[in-house]
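Keep the 3D view open beside you as you read.

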Amino acid sequence: MNNVFVYCEIEGQTVADVSLELLTKGRKLANTLGVQLECICAGSKLDGVEKQVLPFGVDKVHVFDAEGLFPYTSNPHTALVVNLFKQEKPQICLMGATVIGRDLGPRVSSALFSGLTADCTELEIGDFDMNVKNAAGEMEKKHYVNQLYQIRPAFGGNIVATIVNPEHRPQMATVREGVMKKEVLDPNYKGEVIRHDVAKFVPETEYVVKVLDRHIEKAKHNLKGAAIVVAGGYGMGSKEGFDMLFSLAKELHAEVGASRAAVDAGFVDHDRQIGQTGVTVRPKVYIACGISGQIQHIAGMQDAGIIISINSDPNAPINTIADYVINGTVEEVVPKLIKYYKKNSK
Amino acid sequence: MSLKIVVLAKQVPDTRNVGPDAMTPEGTVNRAALPAVFNPEDLNALEQALRLKEQFPGSTISVLTMGLPKSAEVIREALYRGADQGYVVTDRPLGGADTLATSYTLSQAIKKIGEYDIILGGRQAIDGDTAQVGPQIAEKLGLTQVTYAEEILSLDPAAKKIVIKRHIDGGVETVEAPLPLVVTVNGSAAPCRPRNAKRVMKYKNATAAAERTPEQAEALAPVIEKKPYLNITQWGAADIDADPAQIGKAGSPTNVKTVQNIVFKAKESRTMTGSDEEIDNLIQELLNEKIIG
């Protein structure tokens with residue numbers, strides 16, 4: 001009861017990285033609260049799946065293994081999570097902010113009338129006072145302890161909002177892949193493994209959607225793991241403007257990323273978006289070209305080793321976190337970077 | 001065979017075209033500088049609805065929005081592009097709603113609309129990016145859902161089945177689902193067709209009651225009697241039989257505890273111009289220190 005739960009996403013028989021990252025975060029939250037960490041593994045042919053998750057410090061693994069649970073479809077997974085939660089009454093539930101987590105999370109939150117915050121960039125435990133309406137309809141100050149702070153950049157400017165759900169359980173949050181760090185706690189960590197009777201949780205009538213065909217492609221690039229990232233913003237001006245960044249990236253053996261503004265303007269594919277609603281990167285070097293640096297973008301790259309900002313606006317917010325600021329237009333500076341890299345690297 | 005289609009639409013501040021005046025000097029949003037627009041992915045959803053209507057003549061498209069009175073603008077826009085009718089849910093007690101209270105309100109409005117075979121909406125709205133309202137409406141109505149849809153491949157009204165291609169992480173998937181259901185449409189789906197000039201002429205004076213001044217309302221009454229399509233249906237909380245505990249702030253489990261202005265801790269940085277000499281030196285330095293290879 002009142003434990004921290006992580007819903008583990010499973011592709012075939014493999015638990016997704018984002019879920020392992022959340023187990024690490026979940027373990028820390030559970031330690032702070034003095035409760036246990038539990039997780040849900042649902043899919044088909046999951047013999048031994050616990051070996052993938054226990055090392056992250058899971059005290060209890062709930063395995064739901066049945067044909068029809070892989071590939072993921074909304075209803076059966078919602079049913080098993082909701083019915084398990086009615087039994088176990090968790091205080092916190094974390095999910096990946098993936099296609100699956102964003103399909104499942106809201107359905108579960110609606111069924112349980114619990115709050116859900118999407119795309120959190122930080123999760124903490126804290127106490128606070130809040131004015132709430134009492135039974136008589138009057139406002140009164142109430143003290144809450146050990147609450148989950150769901151922290152995420154809010155729309156517009158350098159604003160970060162802390163969201164709480166004091167009156168409803170579980171407190172639910174989704175987090176993107178790469179935002180939290182996964183760390184094995186103990187390769188031999190001992191936890192309990194419960195293999196549930198799926199039929200008791202998921203009525204036959206829930207298997208309503210059939211997956212006819214499924215096609216997973218290999219990623220076209222490795223932005224997430226790149227040692228050097230060359231990123232462009234709205235200031236690149238056009239799709240053609242990005243060609244110059246691809247040339248620079250080729251020279252440096254780097255990957256090309258982009259701010260949301262550049263993606264929305266159609267300069268570059270969505271899968272290259274860096275930031276809160278895109279990829280989180282931690283490269284050795286981050287070269288920001290024509291990026292002003294909204295908090296949503298910075299949330300996805302602030303852990304870069306060295307940040308170089310090229311911007312014609314000397315007051316661009318990103319300059320404040322940059323190690324090197326080059327005041328100039330990208331059209332002028334980027335070709336020079338290519339030229340002098342070629343000259344000096346020989 | 002014809003279909004009853006509901007399209008969910010939201011009016012949002014245009015966060016895509018953020019100009020230099022989008023922020024106030026204090027670092028907050030200058031809402032006045034951001035135009036209100038039809039949420040982009042809701043337009044993708046409308047296009048899917050219009051395609052179904054072409055395929056199944058006699059189908060009707062009802063567009064539903066919740067927001068301030070001026071959100072009726074998105075209804076007009078949808079009418080210009082081919083929707084048949086629109087509903088605006090607007091009421092003071094609905095304000096301050098999080099996604100759960102919003103989805104409850106919209107699901108009550110959908111129940112009031114009555115019959116539906118398919119409910120289409122954008123995957124997410126650009127002002128919050130949560131993608132939660134679609135699935136939450138599906139759950140409240142007891143329907144299944146297909147999220148991240150890219151294309152409706154086929155629909156069989158007799159068998160009550162739909163086949164949809166959808167985006168998944170790292171790929172695509174084709175699913176078959178039963179009608180009725182909720183479908184949220186991804187931005188990678190076909191863009192919405194433009195306005196139709198004839199329809200603009202027909203609907204340009206269509207308004208919701210809350211948009212009219214008392215004088216306008218009086219002047220319009222006889223016109224609307226003859227042309228009822230010029231009245232955009234407007235509902236308040238009572239019209240959709242909403243439980244006061246589940247709407248607005250009261251129906252929202254999530255609370256914003258604090259909003260903090262982030263001041264970046266300034267690093268010790270080196271500022272340079274883009275001169276040849278400085279760039280040359282910078283590259284040499286980065287190479288020498290093996291920061292770049």
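## Ground rules

Helices (H or I, at least four residues) and strands (E, at least two) are DSSP runs, numbered from the N terminus. With that in hand, start at the end of helix 1 of chain A: A:Gly34 follows this helix and has a positive phi, near 70°.

This is a predicted model, in which local features need pLDDT of at least 70, side-chain atom pairs count only at pLDDT 80 or more, and totals for chains, interfaces and linings use all residues. Residues are numbered from 1 along each chain as its sequence is written, while chains are lettered from A and ligands numbered from 1 in the order in which they are written.

How far apart are the end C-alpha atoms of helix 1 of chain A? They lie 24 Å apart, which agrees with the 24 Å that its 17 residues should span at 1.5 Å a residue; the expected span is 1.5 Å times one less than the number of residues. Buried residues of helix 1 of chain A include A:Leu20, A:Leu22, A:Leu23 and A:Leu29, and A:Glu21, A:Lys25 and A:Arg27 are also among them. Here a residue is buried if 20 or more other C-beta atoms lie within 10 Å of its own, exposed if 12 or fewer, and partly exposed in between, with C-beta atoms placed from the backbone.

Helix 3 of chain A has 15 residues and reaches 21 Å from its first C-alpha to its last, close to the expected 21 Å. Among its buried residues are A:Pro76, A:His77, A:Leu80, A:Val81 and A:Phe85. The buried residues of this helix pack against strand 1, strand 4, strand 5, helix 4 (99-112) and helix 5 (198-201) of chain A, together with strand 7 of chain B. After helix 3 of chain A comes A:Lys89, with a positive phi near 45°.

## The sheet they pack on

Chain A has an open sheet of seven strands in the order 7-11-6-1-4-5-12, with parallel pairing; two strands pair if DSSP finds at least two bridges between them. Strand 7 (116-117) and strand 12 (192-195) of chain A are the edge strands, each pairing on one side only. Strand 7 of chain A pairs with strand 11 (residues 171-175) of chain A over two bridges, and A:Leu116 stands opposite A:Met172 there.

Helix 1 (residues 17-33) of chain A packs on this sheet, touching strand 1 (4-8), strand 4 (37-43), strand 6 (92-96) and strand 11 of chain A. Its direction makes about 175° with that of strand 1 of chain A, where axes are lines fitted to C-alpha atoms, for helices over the stretch in contact, and angles run from 0 to 180 degrees between N-to-C directions. Helix 3 (residues 74-88) of chain A touches strand 1, strand 4 and strand 5 (60-65) of chain A, at about 155° to the direction of strand 4 of chain A.

## Where chain B meets chain A

Which residues of the two chains meet, and how many? 67 residues of chain B are in contact with 75 residues of chain A, contact being C-beta atoms, placed from the backbone, within 7 Å. Strand 9 of chain B gives the most to its side, with eight residues.

The chains also share strand pairing: strand 18 (residues 324-327) of chain A and strand 14 of chain B pair in the parallel sense over four bridges. In that pairing, A:Tyr324 has B:Arg270 as its bridge partner.
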